[in-house]
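Please open the model in your viewer and keep the sequence panel beside it. The tour below moves from one selection to the next and says what is to be found at each stop.

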Amino acid sequence: MKRLKCSKIRKLSADRPEASVQLAKKELNKLQQMTSQSISVSDEIEQIVADLRRVAAPSSEPFVFTKKLKENRELLGAIFKDCGDIEFRNFDAGGKKALIVYLEGMADTSNLERNVIKPLMSQTGPDNPNTGNLAEIFATMKSISEHILGASSVSVLTKASAAIDAVMTGNALLLMDGLSEGLSISAVKYVKRDIGEANNEHILRGPNEAFNEGLPDNIVLVRRRSRDTNLKVQILKIGERTKTSVAVLYVANLVKPGLVQEVERRLGLIKTDKILASAKIEEFIVDHPWSPFPQLQTTERPDKVLAALYEGRVGIIVDGTPATLLVPCTYNVMMQSPDDYTIQPVISSLIRLTRNAAAFIAIYLPAIYVSVVSYHPGMLPTTMAISIAELRARTPFPSFLEAFMMEVLLEVFQEAIVRLPLRLSGAATMLGAFVVGTTVVQAGLINPLLVVVVAITAISSYSMPSYPFNLALRWLRIPMLMLASILGLYGVIIGILAVTIHACSLRSFGESYIGGLFDIDLLSDWKDGIVRLPAKLLKERPKEFGAKDLTRIGEEDG
Amino acid sequence: MANLEVKKHMSAGQLAIVVFVTCIGAQIMLTPRGLIAEVKNGAWISVLLGGMFFYTATYFMLRLGKQYPDETIVEYAPRIFGRIGGGIVIFWFNLLFYMQVITIFYGVGRIITFYMFDRTPPEVVVLALLVVCTYCALQDWGTILRIQQFLFVIAYSILILVWLTSILNFQPENMLPLWPLDIKGVTLGSFTTWGMYSGYECVLLLLPLVYRKVSLAKLAKTVGVAFVGLSIVFMLIIVLTIGVLTVEDAKNLPFPSLIVIRSVELPGTFLERLENYLLVTWIPVVFDTLAAMMFFMAEVCMRQWRHADHRPILLMLVPIIYIGAMLIDTPQVNEILGKFTMWLGLSFSFGVVPTALLLTWWKKSKVGKDCG
């Protein structure tokens, strides 16, 4: 006791050096350093992995199926963790444990029940002498599919990634105890829009069916119009995460050699996380993404797709998008409408010529107005020049500024009308027409002739059969206005030449965008180009797209 | 990547169009005055004779090209004339294009400034055209060929249509005497038309694109059609200029063709001051010629220096062209340069090319004898 009282209170570190605070701090620092180093190493590794992969998301095999159903279920459970819409249905089949996995809402459960679960459950155990070779049947997934299942389309899967894809597509996945493979059973049934009329491509006569968002429906709409076995459909998956189905359609004995391969090559190079619309694919596969001109034709109409396929072109249908892509695309096809083939050839030719003139007006008219008014009034008749001068004297702005303001206003109105709900768009149109058409002129801000010029320009651009082409024309107006304001008509001509050079230099899958228009080697294409001759005279397919068989109307096969 | 661009070759018709659009350029506005002053009423005969002369020169070129079906003059000139001699011929060939390009730029700058923008310096006008020509010449030949065909249909048809309106002021008696007695003057004057027809030299560069597909006879016939077209257009310009203005007036005006069209009046119509419309349609025609020639210059340099791409060379040539065009500051200098270029071109077409052809035949016959 005495010794205890006398003894000093000693630090713990005196007896146990490893327990000192200093040392603890030191070790803690080391730990902190290691942690921060490990974070930076982890970042670097992630960067290296990303650089090596160069894909938006991993697509490697997540796991390998085993023969134990319980393990397979756990592995799938881990993959589909927190996916409340994934159904796991356990049952007995032929004395074995079985599991069926499907996405609720996308899989047709009544079909599964009738053609898969019921037939499998009705099989008795292998010990039953009446069952004969049941053990043999249940030895492989292939024999199960051949002997028991009533589903129309099944496929044996050995890879887990394929099995997961199948489930996510809407198919059912069947797993059996003792088998390290799965069975994908086609049972897709999902909510979709009915096949209706085309929203953006109305025609007066002819079919009005349009694509919807479902890929199988869209393929059927094309297939239904042709019983040609040369009409081929290749399905690809694009989008590292969305794995969107994309169908490539072509007529095998017509399409230019190499075109389909090139389309598939470009589609295969798309490494992005998601594909939600065909427009996204368009951006990835066009030759000149910076050009304002659309280089892929977009359509909602199956008849248009089929007509294009029989010209030797290739169609690209994207799951979830009604807008189908057609390649190659040239200026000529942009200026054609299905209506051209439902009216008299003479009238159709006249309409096509008018459309070409409208395309010219849609780009250049405001620029020509500005240049003539500002630089070359002498080109106008004297009386007209005087009246324009009088009108312009009442407005405070130079002609370029007036035209520029009108263009901006026009763009704003167009955007507003497109974006507004249908009930409000009428009001916006009225307001726009009233304010611009009347008040701005009465207020002396804008020359009334310019209002007429801009209105004609806008109407001309609306007459384009293709909306993306209309947008390109709208876009080009502003640089043309600037050139006109700097160099007058000379500037306009320089601008026209620049646009011509650009359009001739554009290639859409090997075809020149506008250069083929007056190519003397393609003179026969004029029959269905700027004009349209009667169907009897359209004996050849367009040479432009390099179709292997140019004969369209010939003698019957012997 | 699949080669979907199957149009690697030209047809004979396309070559004819290229010859046509390369020949018709600024000279349709610039040359008539000098020719009319020199030959007077017989200018239209000189134009036709010139067409025949320069078609003959082109035929020599086609025959020469036939001897080397896969090569341009840049490749075979050193084999014919030796390394140094070949180098001089190639330089000569390219100098021809250069001289024409700078005189055309100068002429265009003057005309546009004179008639459209009297307060704008010609440098600005030339620069704008140079930019757009460079943009075109930077493209591949396939694109340029398409542009030429496009403008061949659009620009030339409108130009000829506008030009034909001057028929309204045509006085047939101004053409008299229709058949002048000075045959020697008319014949010599036909060589002056070189400025109008020049550009046909491009066949020496373009033949490899055509020869494997087309025979010499067909090519000669098709290019002949191009020359017939050229002769008709040039004759139309000369005849209408004299017919509207008379010889005396035409030779005293700087740009008689524009005065011809300015004098046309279409009462009661929307169109007035037609010279602006003519100029507007003439600019694409000039552009066509200039862009093609700039491309040819870059192509010759590219082949000579064994480069794979003509674009960097073209971009190097652009300031040289601009400076060259700006250095011509008076009509007198322009006239001297024009004459120098003409003699350079004539001696190339009727001296160098026939010599090259004779040398090639001689060498080939020698090779045959040695083998035998």
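Which strands of chain A does helix α8 lie across, and at about what angle does the helix run to β2(A)? Select residues 160-169 of chain A: this helix, α8(A), lies across β1, β2, β3, β4 and β5 of chain A and runs at about 55° to β2(A). Before going on, note that this is a predicted model, in which local features need pLDDT of at least 70 and side-chain atom pairs count only at pLDDT 80 or more, whereas totals for chains, interfaces and linings use all residues. Residues are numbered from 1 along each chain as its sequence is written, chains are lettered from A and ligands numbered from 1 in the order in which they are written, and side-chain values use heavy atoms, with hydrogens and water left out. Helices (H or I, at least four residues) and strands (E, at least two) are DSSP runs, numbered from the N terminus.

Now select the five strands themselves, which form an open sheet in the order β1-β2-β4-β5-β3 with antiparallel pairing (two strands pair if DSSP finds at least two bridges between them). Since β1 (86-93) and β3 (154-157) of chain A stand at the edges with a single partner strand each, one side of each is left without a neighbour in the sheet. Neighbouring strands of this sheet are turned by 25° against each other on average, direction ignored; axes are lines fitted to C-alpha atoms, for helices over the stretch in contact, and angles run from 0 to 180 degrees between N-to-C directions. Follow β1(A) into β2(A) (residues 96-103), to which eight bridges join it in the antiparallel sense, and pick out A:D92, whose bridge partner in β2(A) is A:K97. Helix α5(A) (residues 109-121) lies across β1, β2, β4 and β5 of chain A, running at about 25° to β1(A).

Three bridges pair β8(A) with β10(A) (residues 324-327) in the antiparallel sense, and A:L326 of β10(A) is the bridge partner of A:Q297.

**Helix pairs around α18(A)**

Select α14(A) (residues 345-374) and α18(A) (residues 448-462), which pack at an angle of about 160° with their axes 7 Å apart. The two are therefore roughly antiparallel to each other (the cut-off for this is an angle over 145 degrees). Their contact (heavy atoms within 4.5 Å) includes A:A358, A:I361 and A:Y369 of α14(A) and A:L449, A:V453 and A:T457 of α18(A). Helix α19(A) (residues 467-505) packs against α18(A) at about 150°, with axes 9 Å apart, and that contact is made by A:T457, A:S461 and A:Y462 of α18(A) and A:N470, A:R474 and A:R477 of α19(A).

**Last stop: chain B**

Where is the kink in α5(B) centred? Select B:G82, where α5(B) has a kink of about 125° (the bend at a residue is the angle between axes fitted to the seven residues ending there and the seven starting there).

Note on methods:
Parallel < 35°, antiparallel > 145°, perpendicular 65-115°, else oblique.
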